[in-house]
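User: Could you walk me through this model before I start looking at the details?

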Amino acid sequence: MIEWLLALLIVSGSFFGFTAALGLVRMPDIYTRMSTSGKAATLCCGLLLAAVAIQLQDARVTARVVAAILFLLLTVPVGAHMIARAAYRTGSPMWKGDATGPSESASREKQ
């Protein structure tokens with residue numbers, strides 16, 4: 001039973017890590033990249049660290065894992081916000097498109 005839990009944590013953590021990397025490549029500007037990388041990468045690290053704690057079943061390792069997860073939960077959003085703020089202050093351009101596609105946004109601009 002514990003192997004299935006470990007497999008679930010590792011696979012789901014890897015999936016979120018993959019989505020974070022994919023978001024860094026596919027998102028159009030720095031602001032949306034910060035959103036995908038901050039959230040998905042934090043969840044990825046948390047799930048993988050939880051898998052390590054369950055696998056090793058040691059109180060010291062579990063305490064370090066809990067501390068690491070809390071540290072990530074506290075620092076990653078602040079870091080992402082500070083990077084986005086620095087990008088805004090330096091004039092990094094925002095994405096002008098929308099989720100409906102270029103044809104509808106282009107027709108709105110003509111009106």
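User: Before anything else, what kind of model is it, and how are residues numbered?

Analyst: This is a predicted model, in which local features need pLDDT of at least 70 and side-chain atom pairs count only at pLDDT 80 or more, while totals for chains, interfaces and linings use all residues. Residues are numbered from 1 along each chain as its sequence is written, and side-chain values use heavy atoms, with hydrogens and water left out.

User: Ok, how many helices and strands?

Analyst: The protein has 4 helices and 0 strands, where helices (H or I, at least four residues) and strands (E, at least two) are DSSP runs numbered from the N terminus. From the N terminus on, the order is α-α-α-α.

User: And what share of the residues is buried?

Analyst: Of the 111 residues of the protein, 23% count as buried; buried means under 20% relative accessible area, exposed over 50% and partly exposed in between, with a 1.4 Å probe and protein chains only.

User: What about contacts between residues at least 24 apart?

Analyst: Among contacts between residues at least 6 apart in sequence, 62% join residues at least 24 apart, a contact being heavy atoms within 4.5 Å.

User: Start with α1, then. Which of its residues are buried, and what do they pack against?

Analyst: The buried residues of α1 are L6, L9, S12, G13, A20 and G23, and they pack against α2. Helix α1 has 25 residues and reaches 36 Å from its first C-alpha to its last, close to the 36 Å expected at 1.5 Å a residue, the expected span being 1.5 Å times one less than the number of residues.

User: What about E3?

Analyst: E3, found in helix α1 (residues 2-26), has 54% relative accessibility and therefore counts as exposed. E3 and Q55 are 52 residues apart in sequence and 8.6 Å apart in space, C-alpha to C-alpha.

User: Moving to α2, what covers its buried residues?

Analyst: What covers the buried residues of α2 includes α1 and α3. Among those buried residues are Y31, M34, S37, C44, L47 and A53. The 27 residues of α2 should span 39 Å at 1.5 Å a residue, and its end C-alpha atoms are 38 Å apart, which agrees.

User: What does L47 touch?

Analyst: Not counting residues up to four places away in sequence, L47 touches L9, S12, G13 and F16. L47 has a relative accessible area of 18% and so counts as buried, and the C-alpha atoms of L47 and L8, 39 residues apart along the chain, are separated by 9.2 Å.

User: What comes after α2?

Analyst: Helix α2 is followed by Q57, which sits in the loop between α2 and α3. Q57 has a positive phi of about 50° although it is not a glycine. Most residues other than glycine have a negative phi. With a relative accessible area of 59%, Q57 is exposed.

User: And α3, where does it bend?

Analyst: Helix α3 bends by about 25° at T75, and a proline, P77, follows within four residues; the bend at a residue is the angle between axes fitted to the seven residues ending there and the seven starting there. Even so, α3 has 31 residues and reaches 45 Å from its first C-alpha to its last, close to the 45 Å expected at 1.5 Å a residue. Its buried residues are V65, L72, A80, A84 and A87, and what covers them includes α2. After α3 comes G91, whose phi is positive, near 85°.

User: Last topic, the largest pocket. Which residues lie nearest its centre?

Analyst: The largest pocket is lined by 14 residues, of which G38, K39, T42, V76 and P77 lie nearest its centre. The elements that give two or more residues to that lining are α2 (30-56) and α3 (59-89), and the largest share, 8 residues, comes from α2.

User: How is a pocket defined here?

Analyst: On a 1 Å grid over the protein atoms alone, a pocket is an open set of points where a 1.4 Å probe fits, with protein on both sides within 12 Å along at least five of seven lines, and lining residues have an atom within 4 Å of a point.

User: How much space lies in it, and what classes line it?

Analyst: About 180 Å³ of space lies in the largest pocket, a volume being the space filled by probe spheres set on the grid points, which are joined across faces, edges and corners. By class, the lining has 9 nonpolar, 4 polar and 1 charged residues, with Ala, Val, Leu, Ile, Met, Phe, Trp, Tyr, Cys and Pro counted as nonpolar, Asp, Glu, Lys and Arg as charged, and the others, Gly among them, as polar.
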